[in-house]
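Subject: Structure handover and notes

Hello,

Here is the structure you asked about. My notes come after it.

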Amino acid sequence: MHIEDGILSPAWWLTWYAATAAFVAPGLREIRRRIQENLYYKPFLAMVGVAVFVISSMHMPCPVTGSCSHPCGTPLAAIIVGPFATVIISIIVLFFQAVFLAHGGITTIGANTISMGVVGTFVGYGLWKLFRYFKSPVWLAAGIAGFIGDLAVYLTSSLELALNLLHGGHLPFFRQWMIFFLGYGPTQLPLAIVEAIFTAAVLQVMISRRPDLIPDFAPAKSAVPVNPATASIGGK
Amino acid sequence: MILDDRKVFLDPFVKVCLITMFIFLIAIFCSAFYMDVHKMAGNGTDDNVNDMAGQVANVQHHTLINLPGDTQLGAFSIANLFVGLMVGYTWRKIFSETKKEDVEAQYIQPDSKEAKT
């Protein structure tokens, strides 16, 4: 999903930048609110940020197709640090990957954020909430969120590439979209399964170790957070 | 508890990490061997689709900086070294050095004296 510089026309990459910008203010607000709710949120957000950085640049080979691809990590991040905060994480991650790791591009940060940071995030988070609403076990809800969230990222990247050819392409839009998706799909399918297992495993561990960090599993929904100014953490 | 951990050469956490790492590495080696035998290029899917999109749109795609040869390996190694250090540091802070009462102390039950005041 790391679309590089030079592929998208200025009209499209500016559009994706504008779409991404709409998520920045809600993302910052969510981070500020969660910091007030849980004093451990800041280091936790930092840890999840660097984890998304490494997960989304970790290339795994797929011997069936003979190519390599990577999971995204954003469905997991959305569940544990919140969907809007994950958009902020994605922007930072994609910037560093473009600048230092030759992954993605500067003009395409908006487009790549929409696919990985917005669609992957909100599809994964929405499915997690939906499955949990119907009392699904954690492993199933998290697994579905990871699996579908991962594929949704690549479906969106393909859509972005197909939209870029909307005027001037030789094929009908839908066919062009599916051709791009088939470029990603066969390699991404086994990686989406890996992402599903990974998402489920990490959430199970986190819920057993620190349920207070996951909003749905915090000690008591009606509990009142302590004023951060007067609370002490771990005697430090 | 910390002193006991120091006496152990490989504590349970390190063992789990090593086993998981070797499972991934063996899976990658087996896949790479299969791909090498069958003359598969092993390129990144992102690169393949970027090439395809570039050809269809008749444009050249490029990264901000090119990392030729082993420089890419170096960049990834440095990035992952510091990512590992940061994740390990915060992991310990959040999961290992946190006592149950510290977590509970962040919340006051609504019927408690503090909440009423």
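Predicted model: local features only at pLDDT ≥ 70, side-chain atom pairs only at ≥ 80, totals over all residues.

Chain A overall

Chain A has eight helices and three strands. Along the sequence they follow the order α-α-α-β-β-α-α-α-α-α-β. The radius of gyration of chain A is 18 Å, close to the 18 Å that the globule rule gives for 236 residues, so chain A is as compact as a globular protein of that length. The C-alpha trace of chain A spans about 65 × 35 × 30 Å along its principal axes. Of the 236 residues in chain A, 53% are buried. If you take the contacts in chain A between residues at least 6 apart in sequence, 73% of them join residues at least 24 apart.

Helices H3 and H4 of chain A

Helix H3 of chain A covers residues 41-55 and helix H4 of chain A covers residues 74-81. Their axes come within 10 Å and cross at roughly 175 degrees. An angle over 145 degrees counts as roughly antiparallel, and that crossing therefore makes H3(A) roughly antiparallel to H4(A). On the H3(A) side the contact is formed by A:Phe44, A:Leu45, A:Val48 and A:Val52, which meet A:Thr74, A:Ala77, A:Ile80 and A:Val81 in H4(A). By class, this contact has seven nonpolar residues, one polar residue and no charged residues.

The nonpolar core

Which residues touch the most other members of the largest nonpolar core? They are A:Val48 and A:Ile79, in a core of 75 residues. The elements giving two or more residues to this core include H1 (10-21), H3, H4, H5 (83-100) and H6 (109-133) of chain A. H7 (138-164) and H8 (173-209) of chain A are also among them, together with helix H3 (45-57) of chain B. H7(A) gives the most, with 14 residues. As background, nonpolar side chains tend to be buried together in soluble globular proteins.

A:Val48 also belongs to the H3(A) side of the helix contact described above. As for A:Ile79, once its neighbours within four places in sequence are left aside, this residue is in contact with A:Gly124, A:Tyr125, A:Trp128, A:Ala142, A:Ala145 and A:Leu203.

A:Ile88

A:Ile88 lies in helix H5 of chain A. Is A:Ile88 buried or exposed? A:Ile88 is buried, because 22 other C-beta atoms lie within 10 Å and the cut-off for buried is 20 or more. Not counting residues up to four places away in sequence, A:Ile88 touches A:Val24, A:Gly27, A:Leu28 and A:Ile31. A:Ile88 and A:Ile197 are 109 residues apart in sequence, and their C-alpha atoms are 25 Å apart in space.

Most residues other than glycine have a negative phi. Two residues in chain B are worth a look on that point.

B:Lys39 has a phi near 55 degrees, a positive value in a residue other than glycine. B:Lys39 sits in the loop between helix H2 (12-37) and H3 of chain B. B:Lys39 counts as exposed, with 7 C-beta neighbours inside 10 Å.

B:Asn58 is not a glycine either, and its phi is positive at about 60 degrees. B:Asn58 is placed in the loop between H3 and helix H4 (70-96) of chain B. B:Asn58 is exposed, with 7 other C-beta atoms within 10 Å.

Regards

Key:
Residues numbered from 1 in each chain as written. Chains lettered and ligands numbered in written order. Axes fitted to C-alpha atoms, helices over the stretch in contact; angles between N-to-C directions. Helix = DSSP H or I, 4+ residues; strand = E, 2+ residues; numbered from the N terminus. Parallel < 35°, antiparallel > 145°, perpendicular 65-115°, else oblique. Contact = placed C-beta atoms within 7 Å. Nonpolar A, V, L, I, M, F, W, Y, C, P; charged D, E, K, R; others polar. Core = buried A, V, L, I, M, F, W, Y, C linked by C-beta atoms within 7 Å. Buried ≥ 20, exposed ≤ 12 C-beta atoms within 10 Å, placed from the backbone. Rg over C-alpha atoms; globule rule 2.2 N^0.38 Å.
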